[in-house]
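Here are a few friendly notes to read with the model open beside you. Take them in any order you like.

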Amino acid sequence: MVGLNGVANALFGSNPIGYKVIYTLFDFGVIGLLLHLLKRQRRPLTQVIWYAWCPLPITEVAMAGHQDIVGVFFLLLAFTLVMRSERAVGWAALALVAAAL
């Protein structure tokens, strides 16, 4: 997280809005990974709405700036990579989950 916090600090200084913007981008990444996983499982892509419209990630990530979304992103990335038979990279993404939490 030091790297991510360093980037946010360099871009936005001590303004908390910068952190919220970066974490919101990770939230959009989670939505994209969920869409990919739904497509891969041949499920209706409209099911992503259960996450995207959930008020908890919206309030906690976009409004409060919680960093938990970084771990969620890398966890879904690990799932995606393992499902694509890229196990070594998936394990690396799983290690990033541990680093993010």
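1. F26, F73 and F74 form one aromatic cluster. Rings of Phe, Tyr and Trp (its six-membered ring) pair if their centres lie within 6.5 Å; planes under 30 degrees apart count as stacked, over 60 as edge-to-face and the rest as tilted. This is a predicted model, where local features need pLDDT of at least 70, side-chain atom pairs count only at pLDDT 80 or more, and totals for chains, interfaces and linings use all residues. Residues are numbered from 1 along each chain as its sequence is written, and side-chain values use heavy atoms, with hydrogens and water left out.

2. Searching the whole structure gives three aromatic pairs. One of them joins F26 and F73 edge-to-face, at 5.3 Å centre to centre and 80 degrees between the planes. This pair links distant parts of the chain, with F26 in helix α2 and F73 in helix α5 (residues 68–83), 47 residues apart. Helices are DSSP runs (H or I, at least four residues), numbered from the N terminus.

3. F73 also pairs edge-to-face with F74, at 5.2 Å centre to centre and 75 degrees between the planes. F74 is buried, with a relative accessible area of 17%; buried means under 20%, exposed over 50% and partly exposed in between (1.4 Å probe, protein chains only).

4. T24 also sits in helix α2 (residues 16–40). T24 counts as buried because its relative accessible area is 19%. Leaving out residues up to four places away in sequence, T24 touches V61 and A62 (contact means heavy atoms within 4.5 Å).

5. W91, in helix α6 (residues 87–100), is exposed, at 59% relative accessible area.

Methods. Helices (H or I, at least four residues) and strands (E, at least two) are DSSP runs, numbered from the N terminus.
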